[in-house]
Amino acid sequence: MEVWSIIQALLALVFVLGLMLVTLWLMKYLQLKSNNSRLFKHLQSDERIRIVEKKRLDAKNMLVLLKKDDREFFVLTGAGGSLLLDSALAMDGKIIGEAEKND
């Protein structure tokens, strides 16, 4: 009986390790950790807000260009919070700034 218990424990260990490897491969295949996930790619066409571009300044701060419908927002994000740097209306590939829009 003791030999059977050892074999059963080893088989259970191999099974759990196999499940972990399959899960790791599946996550890598679906790219769940990235923004361009294959799993959620079909949802991107229905979204109204998206990240156009982002640039890391240092370990804690990042510049982000967001687009919502026909508006673009330039945001500085960091550990201290977020700051809206600029907001513009995007039309026909041209950007119309807030100051130009009021003229």
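**A first walk-through**

Modeller: I6, L10, L13, F15, V16, L17, L19 and M20 make a nonpolar surface patch of about 790 Å². Patch residues have over 30% relative accessible area and no salt bridge, with nonpolar side chains (Val, Leu, Ile, Met, Phe, Trp, Tyr) joined within 5 Å and like charges within 9 Å. A salt bridge is a side-chain nitrogen of Lys or Arg within 4 Å of a carboxyl oxygen of Asp or Glu. Areas are Shrake-Rupley, with a 1.4 Å probe; for residues, only the protein chains shown count as cover.

Colleague: What should I know about the model itself?
Modeller: It is a predicted model: local features need pLDDT of at least 70, side-chain atom pairs count only at pLDDT 80 or more, and totals for chains, interfaces and linings use all residues. Residues are numbered from 1 along each chain as its sequence is written, and side-chain values use heavy atoms, leaving out hydrogens and water.

Colleague: Is V16 buried or partly exposed?
Modeller: Partly exposed, with a relative accessible area of 42%. Buried means under 20%, exposed over 50%, partly exposed in between (1.4 Å probe, protein chains only).

Colleague: Now the strands. How many bridges join β1 to β2?
Modeller: Seven, and the two run antiparallel. β1 covers residues 49-56 and β2 residues 62-68. Strands pair if DSSP finds at least two bridges between them. I49 has K68 in β2 as its bridge partner.

Colleague: What about β2 and β3?
Modeller: Seven bridges again join β2 to β3 (residues 71-78), running antiparallel. M62 pairs with T77 in β3. Two residues separate the strands in a hairpin.

Colleague: Which residue in that turn has a positive phi?
Modeller: D69, at about 50 degrees, although D69 is not a glycine. At 40% relative accessibility, D69 counts as partly exposed.

Colleague: Last one. Where is S87?
Modeller: In strand β4, residues 81-91. S87 is buried, at 12% relative accessible area. Its side chain makes a polar contact with the side chain of R71 (2.4 Å). A polar contact is a pair of N or O atoms within 3.5 Å; within protein, one must be able to donate a hydrogen and the other to accept it, and residues adjacent in sequence count only if both atoms are side-chain atoms.

Conventions. Helix = DSSP H or I, 4+ residues; strand = E, 2+ residues; numbered from the N terminus.
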